[in-house]
Amino acid sequence: MNKGYFITFEGADGCGKTTQLELLKNYLVNEGFEVVVTREPGAKGLGEKFREILLNYDGVVSDRCESFLFLADRAQNIDTIVKPAVSEGKIVLCDRHIDSSTAYQGYGRGLDIQQIKNLNLLATGGMLPDLTIVFDIDIETSMQRVGKNKDRMENSGNEFFNRVRNGYLELAKQEPDRIKVVDSTASIDDIHNKVKNIVLALLN
Ligand code: TMP
């Protein structure tokens with residue numbers, strides 16, 4: 001059987017990636033592709049428990065503890081959802097993955113970038129996305145979209161989110177073949193068309 005594809009969506013909170021993932025999923029399904037949607041944290045099953053802790057626990061969470069919880073969630077998502085679907089020839093669309101750890105826990109929280117990258121590889125067993133799309137947006141606009149009801153991560157402040165944003169852009173520079181940056185201030189339709197073109201270039 002043909003190998004499928006693993007595509008990840010990334011960006012700071014409020015960047016619009018989840019809306020775009022849904023639009024791409026609908027498009028691909030209409031075109032006859034078999035598509036599996038998953039997310040980190042919070043994939044179906046155990047992932048939902050990790051998400052609850054990571055986003056809503058209201059006590060102290062150390063930066064290293066936070067990192068390992070995201071990584072544990074990632075290992076479970078890769079082993080139980082992503083790898084099986086890709087090996088069955090499906091297209092897996094994943095809302096956040098390894099680059100979230102590097103951008104948020106590395107660039108954002110200030111943990112060692114290379115160590116986070118190594119831990120990502122441990123969590124995924126070495127599997128890498130075929131394509132990653134980063135939705136880039138200024139922090140003022142993205143925080144407006146997030147609104148007042150912020151979860152634990154969204155409460156990290158503008159300086160943190162500026163580091164996250166710059167971290168994503170730096171990662172895209174380091175891996176231009178895998179990581180494509182899309183301007184997420186454009187209209188939803190324009191962004192969708194760009195995403196479609198990037199993905200079709202991979203599938204063809
Ligand atoms: P989201 O599902 O609404 O995008 O929220 C997930 C939050 O978790 C978001 O603030 C980014 C954060 N996150 C990390 O800090 N590190 C990670 O590795 C992942 C997957 C998410």
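Strand 2 and strand 3 are paired in the parallel sense through five bridges. This is a predicted model, in which local features need pLDDT of at least 70 and side-chain atom pairs count only at pLDDT 80 or more, while totals for chains, interfaces and linings use all residues. Residues are numbered from 1 along each chain as its sequence is written, and side-chain values use heavy atoms, with hydrogens and water left out.

## The sheet

Helices (H or I, at least four residues) and strands (E, at least two) are DSSP runs, numbered from the N terminus. Two strands are said to pair if DSSP finds at least two bridges between them. In general, strands of a sheet pair through backbone hydrogen bonds, either parallel or antiparallel.

In this model, five strands form an open sheet in the order 2-3-1-4-5, with parallel pairing. Strand 2 (35-39) and strand 5 (179-183) are the edge strands, each pairing on one side only. Neighbouring strands of the sheet are turned by 20° against each other on average, direction ignored. For such angles, axes are lines fitted to C-alpha atoms, for helices over the stretch in contact, and angles run from 0 to 180 degrees between N-to-C directions.

Strand 4 (residues 131-136) and strand 5 run parallel and are joined by five bridges. Within this pairing, I133 has K180 of strand 5 as its bridge partner. Helix 7 packs on the sheet and touches strand 1 (5-10), strand 4 and strand 5, and its direction makes about 130° with that of strand 5. Touching here rests on contact, meaning heavy atoms within 4.5 Å.

Strand 3 also pairs with strand 1, in the parallel sense and over five bridges. The bridge partner of T8 in strand 3 is C94, and V35 stands opposite I91 of strand 3.

Burial is described by relative accessible area: buried means under 20%, exposed over 50%, and partly exposed in between (1.4 Å probe, protein chains only). Five of the five residues of strand 3 (residues 91-95) are buried, so this strand is largely enclosed by the rest of the structure. I91, L93 and D95 point one way from strand 3, whereas V92 and C94 point the other way.

## Salt bridges

A salt bridge is a side-chain nitrogen of Lys or Arg within 4 Å of a carboxyl oxygen of Asp or Glu. A search of the whole structure finds twelve salt bridges.

| Pair | N to O distance |
|---|---|
| R96 and D13 | 3.8 Å |
| R109 and D63 | 3.8 Å |
| D99 and R178 | 2.8 Å |

The side chains of R96 and D13 meet in a salt bridge. This pair links distant parts of the chain, with R96 in the loop between strand 3 and helix 4 (98-108) and D13 in the loop between strand 1 and helix 1 (17-30), 83 residues apart. R96 is buried at a relative accessible area of 11%, and D13 is buried at 12%.

R109 and D63 also meet through their side chains in a salt bridge. They are 46 residues apart, R109 lying in the loop between helix 4 and helix 5 (113-124) and D63 in helix 3 (residues 63-87). R109 counts as partly exposed at 22% relative accessibility, and D63 is partly exposed with a relative accessible area of 31%. A network of salt bridges links D63, E66, R109 and R152.

D99 forms a salt bridge with R178. Here D99 belongs to helix 4 and R178 to the loop between helix 7 and strand 5, 79 residues apart. Both D99 and R178 are buried.

D151 is located in the loop between helix 6 (139-146) and helix 7 (158-174). D151 is buried yet has no salt bridge, and R51, the nearest side chain of opposite charge, is 5.5 Å away. In assigning charge, Lys and Arg count as positive and Asp and Glu as negative, while His and the chain ends are not counted. A polar atom of the D151 side chain lies 2.8 Å from the backbone nitrogen of E154. Apart from its neighbours within four places in sequence, D151 is in contact with L55 and N56.

E48 lies in helix 2 (residues 46-56) and counts as partly exposed at 44% relative accessibility. Neighbours within four places in sequence aside, E48 is in contact with G42 and A43.

Definitions and conventions: Polar contact = N/O pair within 3.5 Å; in protein donor to acceptor, adjacent residues only side chain to side chain.
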